[in-house]
Amino acid sequence: MTSSVQSLAIPAPPVQDISAIRLVHIMTVSESLLFLRGQVGYMKERGFEVVCITSPGEYRSRFAELEGIPVHAVEMPRRITPWRDLMALAAICRLLITIRPHIVHAHTPKGGILGMIAAWVVGVPVRLYHMRGLPFVTASGVKRWLLMSTERLACTLSHRTLCVSSSVREVALEHRLCQPGKISVLGRGSGNGVDADHRFNGVELPTAVRDATRRRYGIPSDALVLGFVGRLVKSKGVVELAGAWTALREEFPTLHLLVVGPSEKRDAIPGELEATLRSDPRVRFIGEEWDIPPLYAAMDVLALPTHREGFPNVLLEAAAMRIPVVATHVPGCTDAVQDQLTGLLVPPYDAAQLAAAIRRYLADPDLRRRHGAAGREWVLQEFRPQRIWQALYQEYLGCLKAHGLAPAEVPDLAEDRRAA
């Protein structure tokens, strides 16, 4: 596959200066546009014209307005749907022919494979695939083979493959999804870094926000609050979370559970389990929420017992808010948590060990404070968004140069020098 694709690749154009770099991001679902928050403006300041393509959804129009860019809608189902996937591929090709980008940067498995095929077909000079997670690690049989094959093809068609974490890169190399020389991690990893200076700053957030958020959801100000942020699906460990909650709720009479995120039909948790949780007077379901910092402020501990991840930003967001975290020892989480220092890691699929780790934090306020403070310091030191953006900007420039293109002028901004 690799040799045949390379032999058909469109030759690089002659060296030329371009006044504005046209960059197209392709995401499977509109919620994933949040990975680009702030990054779009950073690239626009450096002369990029940025366009996004994603599935229809409320986040699409909100993100377009927030970042001031065009966001085109193309329906891209997450699951494998051959006929609808071909229709999506044709629609993306038509858009790319109209936009004529210099760079296509495709993200997530479905957006990645459709974006890389479309960009290759229409001859986009620079193609980047961003590996944000590997669904095949929890799949089996034919589905696993198909998922691995699409990942391998996306990597083959890309000029560069970027991973959100070192552990995901290791898995990709272990399964020979990509050549070692073309796959890398930006900085210490993460989807987009975390703004611990401003947005996720528990130091600057008024203490009244914690009490006000708890009052809004009927949680006493002196209660202990266990939080969860993520999709309410089995692969996020919600079944294990429910098991841990059952073990802990009687032991800690003041404990409340705050669940933030949408329910989904795909990979849904058992209906009776969700009904039991929703009927519990000490469990609060918030649904989707863009303004997440006040919800973190209301928590004492965050749990993410996920079965697989690329790089779970919620763990860094909570850490930036000085909230200790309990997560699973799986790729992605091992990059986001320093075990026994900023949080605790437990085996996946194990409700008993999950409960034991949460219990340690609930019973020890001093341990919560120490791990929370260490977590914030680590995020500030290693995961500032500007570091990710600068590394990506340099990646873009390097790829353009390798393909005979160069910006007419490269800004020398003080912000880049400070982030270096």
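**Reading the sheets, helices and salt bridges**

Reply: Six strands make up an open sheet with parallel pairing, in the order E11-E10-E9-E12-E13-E14. Strands E11 (283-287) and E14 (343-346) are at the edges with a single partner strand each, so one side of each has no neighbour in the sheet. From one strand to the next, the twist averages 20°. Please keep in mind that this is a predicted model.

Me: How many bridges join strand E9 to E10, and in which sense do the two strands run?

Reply: The general idea is that strands of a sheet pair through backbone hydrogen bonds, either parallel or antiparallel. Here, strand E9 (residues 224-229) and E10 run parallel and are joined by six bridges. Within this pairing, leucine 226 has leucine 257 of E10 as its bridge partner. Helix H9 packs on the sheet and touches E9, E10, E11 and strand E12 (301-304), its direction making about 165° with that of E10.

Me: What is the pairing of E13 with E14, and are the faces of E14 covered or uncovered?

Reply: Strand E13 (residues 325-328) pairs with E14 in the parallel sense, over four bridges. Valine 326 has leucine 344 in E14 as its bridge partner. Both faces of E14 are covered: Gly343 and Leu345 on one side are buried, as are Leu344 and Val346 on the other.

Me: Where does threonine 306 lie, and what is it in contact with beyond its neighbours in sequence?

Reply: Threonine 306 is placed in the loop between E12 and helix H12 (313-320). Its relative accessibility is 0%, so threonine 306 counts as buried. Leaving aside neighbours within four places in sequence, the contacts of threonine 306 are Ser235, Lys236, Gly237, Thr328, Val330, Cys333 and Pro348. Serine 235 is 71 residues from threonine 306 in sequence, yet their C-alpha atoms are 5.9 Å apart in space.

Me: In what order do the seven strands of the other open sheet run?

Reply: The order is E4-E3-E2-E5-E6-E7-E8, and the pairing is parallel. Strand E4 (71-73) and E8 are the edge strands, each pairing on one side only. With direction ignored, neighbouring strands of this sheet are turned by 25° against each other on average. Strand E2 (residues 21-26) pairs with strand E3 (residues 48-54) in the parallel sense over six bridges, and isoleucine 21 stands opposite phenylalanine 48 in E3.

Me: Which strands do helices H3 and H5 touch or lie across?

Reply: Helix H3 (residues 58-67) lies across E3 and E4 and runs at about 165° to E4. H5 packs on the sheet by touching E2, strand E5 (103-107) and strand E6 (126-131), and its direction makes about 155° with that of E5.

Me: At what angle do the axes of H14 and H15 cross?

Reply: Two packed helices are described by the angle between their axes and the distance between the axes. The axes of helix H14 (residues 351-362) and helix H15 (residues 365-382) cross at roughly 100° and come within 6 Å. H14 and H15 are therefore roughly perpendicular to each other. Arg360, Tyr361 and Leu362 of H14 make the contact with Pro365, Leu367, Arg368 and His371 of H15. By class, this contact has four nonpolar, one polar and two charged residues.

Me: How many salt bridges does the structure hold?

Reply: Side chains of opposite charge can pair when their charged atoms come close. The structure holds 16 salt bridges. One of them joins aspartate 85 and lysine 110, with the closest N and O atoms 2.9 Å apart. Aspartate 85 lies in helix H4 (residues 82-99) and lysine 110 in helix H5 (residues 109-122), so the pair ties together parts 25 residues apart in sequence. Aspartate 85 and lysine 110 are both buried.

Terms used. Residues are numbered from 1 along each chain as its sequence is written. This is a predicted model: local features need pLDDT of at least 70, side-chain atom pairs count only at pLDDT 80 or more; totals for chains, interfaces and linings use all residues. Side-chain values use heavy atoms; hydrogens and water are left out. Axes are lines fitted to C-alpha atoms, for helices over the stretch in contact, and angles run from 0 to 180 degrees between N-to-C directions. Angles under 35 degrees count as roughly parallel, over 145 as roughly antiparallel, 65 to 115 as roughly perpendicular and the rest as oblique. Contact means heavy atoms within 4.5 Å. Ala, Val, Leu, Ile, Met, Phe, Trp, Tyr, Cys and Pro count as nonpolar, Asp, Glu, Lys and Arg as charged, and the others, Gly among them, as polar. A salt bridge is a side-chain nitrogen of Lys or Arg within 4 Å of a carboxyl oxygen of Asp or Glu. Buried means under 20% relative accessible area, exposed over 50%, partly exposed in between (1.4 Å probe, protein chains only). Two strands pair if DSSP finds at least two bridges between them.
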